[in-house]
Amino acid sequence: MMNFDVEKIRAQFPMFAGKDKPLIYLDNAATTQKPQSVIDAVTKYYSEYSANVHRGIYAISEKATHEYESARTRIAKFIGADFEKSIVFTRGATEAINLVAYAWARHNLNPGDEILITEMEHHSNIIPWQLAARDTGATLRYIPIDETGTLVESEKYINPKTKLFAITQQSNVFGTTNPVKELTEIAHSFGAKVLVDAAQAMPHLMVDVVDLDCDFLAISGHKMLAPTGVGALFAKQEILEEMEPFLGGGEMIEQVTMETATWSEIPQKFEAGTPNIAQAIGFGAAVDFINQIGIEKIKDYEGEMTRYAIAKLSEISGMQIYGDLFCRGPVISFNVSGVHSHDLAQLLDMENIAIRAGHHCAQPIMRKLDVPATARASFYLYNTKAEVDALCEAIEKAKWFLATD
Amino acid sequence: MSEIQQLYQQLILEHNRNPKNFKEIEHADCKLEGYNPLCGDQITIFLKLENDVISDIGFQGKGCAISKASASIMTTMLKGKTKAEAAEIFNKFHKMVTDGTIGENVGKLEVLAGVHKFPSRVKCAILAWHTTMKALDEIKAEDGKR
């Protein structure tokens, strides 16, 4: 396996090339930049074998089908799934969660049942369950978090009424990595199904569905170098087989009469309509890119940079960093006293530094912290310590500009 | 002046540091909360009216420099104005921050003209105004009921 050479990695991202003032991109928890190989995979599909999948009896359609299915296989392998048909392509992690909320929860939950989530969820893992609870009469409950962004007494909230437990593997605000394997085991002991939202975790650490033993895993492509518009749902084969369809349309049917229809085999049963073919193929290329470097190496590199960033940011007077300082993924939410995060993001943009400001689609967390918004810097494999230094300098400059001291 | 300097003019920075009418008003005729779902910012507007004239106006809340300065300048401009005059000023302001048109007699509001070059910040600048206009409407509706 090659050594971790960040300059060599950066050279493969056109967004960082040939600029007077290079982009310092620190909003990776929102979306990531794309390497040339991913862009090429998308372009190649459109310029060399653009055709629909699973339909045409001609060479380019067969090629498109092959590449599309090969991407599915590589994603399955990446998360340790032993059966590639347990991967359903979706528009993203949000759609993957909604698929479960509509095709599983609405057929399996009854009044009195409980859906358990946590206070650190992204809105995408809250709203689908609010709606499912409303429609089924089930009750939505939350495992609380403390001010360090850690779950509090999770076990207390899992009980025989819990039918579904949905939890993020890594917080998009605090970077907390949750003990999903242990919690899955507890939930299973009460007969609950478990959905893990891996949108934030999967770009940065090894996710193994066999080891986690989760029933559902929601996956985002664009947060791990793939194009936007593609993600996936992993579900255990027997659950997928039993589940009702999600969207109806072409591709997902076997036989259609005027009155009724029978469904395709999985995973096509859940992929109605023409899928995002180019994006799925690009997702396959993104997985290849990550595999060439090695997810463990990426995790170590990001871990070191995150520790460095926390140490450097902590030197800034008036700095408040949210979450556990020592144990976290490469996401740092913070506020600087007297500087609203919107103003900070705007002033950093003048230095060509992109950070996120706002509530990060996690308003319950903001209420818990009693702040309207935070700034957030999130790293990926192409970021450098020099960029962290530039961020800190720019924050000092913004403080001076707004004259807060 | 660079675009960023146009956005953060000295007067805006001053209003951000020392906002005018940053106060609660007891026995206000209307107290209304405004919310920017994009960023989580929250503002509360307090209004007192005497014979259709805004006799006192104050605000409280959490927001960025642009939203705070905009609210602060707004309060200084609307105090003493009738509801109709306030609506007219709001329309000029709205036009200015969305397309950059500086209308007649906008006065010191002009410092907020730079906002139109930053579409994501228009909502920040306009939050206090929308909330105030809504508050005035509510007072009107209540008047109608009496």
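In which loop of chain A is the place of A:His222? Select the loop between β7 (216–220) and β8 (231–235) of chain A, and you will find A:His222 there. (Helices, H or I of at least four residues, and strands, E of at least two, are DSSP runs numbered from the N terminus.)

Before going on, note that this is a predicted model, where local features need pLDDT of at least 70, side-chain atom pairs count only at pLDDT 80 or more, and totals for chains, interfaces and linings use all residues. Residues are numbered from 1 along each chain as its sequence is written, chains are lettered from A and ligands numbered from 1 in the order in which they are written, and side-chain values use heavy atoms, with hydrogens and water left out.

**Stop 1: around A:His222**

A:His222 is buried, with a relative accessible area of 17%. (Buried means under 20% relative accessible area, exposed over 50%, and partly exposed in between, with a 1.4 Å probe and protein chains only.) Now show A:Thr31: its side chain makes a polar contact with the side chain of A:His222 at 2.6 Å. (A polar contact is a pair of N or O atoms within 3.5 Å; within protein, one must be able to donate a hydrogen and the other to accept it, and residues adjacent in sequence count only if both atoms are side-chain atoms.)

**Stop 2: two loops of chain A**

Next, pick A:Pro267, in the loop between β10 (261–263) and α9 (277–293) of chain A. A cis peptide bond joins A:Ile266 to A:Pro267, with omega about 0°.

Then move to A:His360, between β14 (356–358) and α12 (363–369) of chain A. A:His360 is not a glycine, yet has a positive phi of about 55°. A:His360 is also buried, with a relative accessible area of 0%.

**Stop 3: where the chains meet**

Show both chains together. The contact, meaning heavy atoms within 4.5 Å, takes 16 residues from chain A and 19 residues from chain B. Zoom in on A:Asp343 and B:Arg121, whose side chains meet in a salt bridge (2.9 Å, N to O). (A salt bridge is a side-chain nitrogen of Lys or Arg within 4 Å of a carboxyl oxygen of Asp or Glu.) The rule finds two salt bridges across this interface.

**Stop 4: chain B**

Select α3(B): 12 of its 14 residues are buried, so this helix is largely enclosed by the rest of the structure. Among the buried residues are B:Ile66, B:Met74 and B:Leu78. Just after α3(B), B:Gly80 takes a positive phi of about 90°.

Finish at B:Asp52, in the loop between β2 (41–50) and β3 (53–62) of chain B. B:Asp52 has a positive phi of about 75° although it is not a glycine, and is partly exposed, with a relative accessible area of 38%.
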